[in-house]
Amino acid sequence: MRRQRGLSIVSILVVLFVGILLVKGAITLVPMYWDNKLIGTILDGVTKDREYRADMRPKDFKRLLETRLQDNNIKASLDELKIRKGDQGFTLDWTYEARDTYLGNIDMVVRFQVQKDFTQ
């Protein structure tokens with residue numbers, strides 16, 4: 001009597017389904033992390049902006065950051081943005097969530113925390 005070797009059709013479909021779910025997850029998550037990397041680049045380059053001043057008010061800096069995010073087509077909420085004014089500049093502390101649809105009504109949510117020191 002011969003033994004069966006290899007995967008059955010059901011096993012192949014299960015492996016294919018799991019693979020598709022993993023690829024879909026990667027397609028959903030990679031843009032979120034890319035936007036976070038871009039936010040870091042924006043924050044690093046904001047000091048080179050001609051509108052930036054070390055003595056600017058937190059409200060003005062928030063407006064400048066919002067403009068830079070819109071220019072780069074990044075949709076991140078600035079509601080949790082905290083700017084602490086110091087003697088020689090300010091410190092930014094920002095926790096935000098990126099959310100995207102995974103499948104149907106299942107969402108993927110990633111929480112990012114950005115801290116940047118703008119003191120001289």
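Q: Okay, buried means under 20% relative accessible area, exposed over 50%, and partly exposed in between (1.4 Å probe, protein chains only). Which one is Asp107?

A: Asp107 is partly exposed, at 38%. This is a predicted model, where local features need pLDDT of at least 70, side-chain atom pairs need 80 or more, and totals for chains, interfaces and linings use all residues. Residues are numbered from 1 along each chain as its sequence is written, and side-chain values use heavy atoms, leaving out hydrogens and water.

Q: Which side chain does Asp107 meet in a salt bridge?

A: That of Arg99, at 4.0 Å from N to O. A salt bridge here is a side-chain nitrogen of Lys or Arg within 4 Å of a carboxyl oxygen of Asp or Glu. Arg99 counts as exposed, with 53% relative accessibility. Salt bridges with shared partners also join Glu97, Arg99, Asp107 and Arg111 into one network.

Q: Nice! How many salt bridges does the count come to?

A: Six. One of them pairs Asp44 with Lys116, their closest N and O atoms being 2.9 Å apart. This pair links distant parts of the chain, 72 residues apart: Asp44 is in helix α1 and Lys116 in strand β3 (residues 106-117). Helices (H or I, at least four residues) and strands (E, at least two) are DSSP runs, numbered from the N terminus.

Q: Are those two buried or partly exposed?

A: Asp44 is partly exposed at 44%, and Lys116 is partly exposed at 24%.

Q: Switching to helix α2: how far apart are Asp60 and Arg63?

A: They are separated by about one helical turn, because they sit three residues apart in α2 (residues 58-71). Asp60 and Arg63 form a salt bridge too, with their closest N and O atoms 3.3 Å apart. Arg63 is partly exposed, at 44%.
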